[in-house]
Amino acid sequence: MVDPSLAGAILTSDLDALAANYRRLLRELNGVPCAVVIKANGYGLGADRVAPTLWDAGARVFFVAHVAEGARLRALLPEAEIHILNGLLPGAEWAFQDHDLVPVLGSLPEVADWHSVCDGAAKALPCDLHVDTGMARLGFDAGDLAKIKADPGLLADLNVRFVMSHLASADDPDSSQSAEQLARFKAARDILSMGQACFANSSGIFLGPAYHFDMARPGVALFGVNPTPGRPNPMRQVITLKAKILQIREIDAGETVGYGAAHRVTRKSRIATLPVGYADGYMRALSGQASVYLGEQRLPVVGRVSMDLITVDVTDVSPDVAYPGALVEVIGPHYATDEAAKDAHTIDYEILTSLGQRYAREFIGGPS
Ligand SMILES: *Cc1c(COP(=O)(O)O)cnc(C)c1O
């Protein structure tokens, strides 16, 4: 925890907006229940604050990626249902019973491994089954499904909570892949008809009721990211990152800024330095691309992003506004994660999950 008075930059997360986003997704789902995915430390915001907020908003089913994340979440939420997307980790099978975690199983050897865990526990512990419908990552493939169809005994005595699959192109409504995956998932459900069906991620929810099944499984939209790229964002902005100006320097026309002299000014200029760099997840790819905002005024990030610093051109801003100590919006309502993602040639997910450990982290709202 970084003391805000000592921090160069302050990351504020609006927990009321997070809860409102959960309710917004519930409205879209129109009666279908909604789990939440809070892997990677709550998409970078801090699972310690994110998890109780979503519990308070009514979420009861939580997904994380790693078993270690699940164990930590269990300590925060003693009564939640916690599912582990990455499934069994060889050598860590014991932890699922100890911490009451549900593994997402995605291969026949994994199922066999889980059978031994259940035999050891003398109990059919709950598990999920993951079908690969087009990611070639985790989950049963067509060959596995054929084997299961031929020998349903392979899944005998499993206590299946969810049968699930994951969309690869849900954020692109023009892609035909989502409909293909939907068809494959339905076909898989003919063979794996036990438990409930859980399919849609954030963008999948907005593909319509055909994608909703028994339970949705969004992550990124909860944190304010637009699940409908190209259309207005239905979610509320959750994070704001502000940095304090350290110094302002006046340089003559023709002088250069930063490593590699990558930026040369063409007029007498004032350059402000801010304590945010690629070590804080402010990606180097943003060099010469990004903007920050001082009030309503857009300021270009000039020169290369350093490990600990960025430089912005404040020539057009009055010294009454741009001065050492003044707070500059680095990510926020004027320059949201989608803009940063576009400028860094990446996706909002990477911007969020890279948010630095040197920021002071403040939270507004949330459960009392
Ligand atoms: C991360 C993840 C989700 C959540 O996806 P979002 O796009 O963040 O809504 C759902 N399911 C699986 C398997 C995931 O890995």
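Biologist: Is asparagine 226 buried or exposed?

Modeller: This is a predicted model, in which local features need pLDDT of at least 70 and side-chain atom pairs count only at pLDDT 80 or more, while totals for chains, interfaces and linings use all residues. Residues are numbered from 1 along each chain as its sequence is written, and side-chain values use heavy atoms, with hydrogens and water left out. Buried means under 20% relative accessible area, exposed over 50% and partly exposed in between, with a 1.4 Å probe and protein chains only. Because its relative accessible area is 17%, asparagine 226 is buried.

Biologist: Which residue's side chain does the side chain of asparagine 226 join in a polar contact of 2.8 Å?

Modeller: A polar contact is a pair of N or O atoms within 3.5 Å; within protein, one must be able to donate a hydrogen and the other to accept it, and residues adjacent in sequence count only if both atoms are side-chain atoms. A polar atom of the asparagine 226 side chain also lies 2.8 Å from the backbone oxygen of arginine 231. The side chain joined to that of asparagine 226 by a polar contact of 2.8 Å belongs to threonine 228.

Biologist: Which residues is asparagine 226 in contact with, leaving aside its neighbours within four places in sequence?

Modeller: Contact means heavy atoms within 4.5 Å. With those neighbours within four places left aside, the residues in contact with asparagine 226 are Arg231, Pro232, Asn233 and Pro234.

Biologist: How many nonpolar residues are in the lining of the largest pocket?

Modeller: On a 1 Å grid over the protein atoms alone, a pocket is an open set of points where a 1.4 Å probe fits, with protein on both sides within 12 Å along at least five of seven lines, and lining residues have an atom within 4 Å of a point. Ala, Val, Leu, Ile, Met, Phe, Trp, Tyr, Cys and Pro count as nonpolar, Asp, Glu, Lys and Arg as charged, and the others, Gly among them, as polar. The lining has 29 residues; by class, 9 are polar, 4 are charged and the nonpolar ones number 16.
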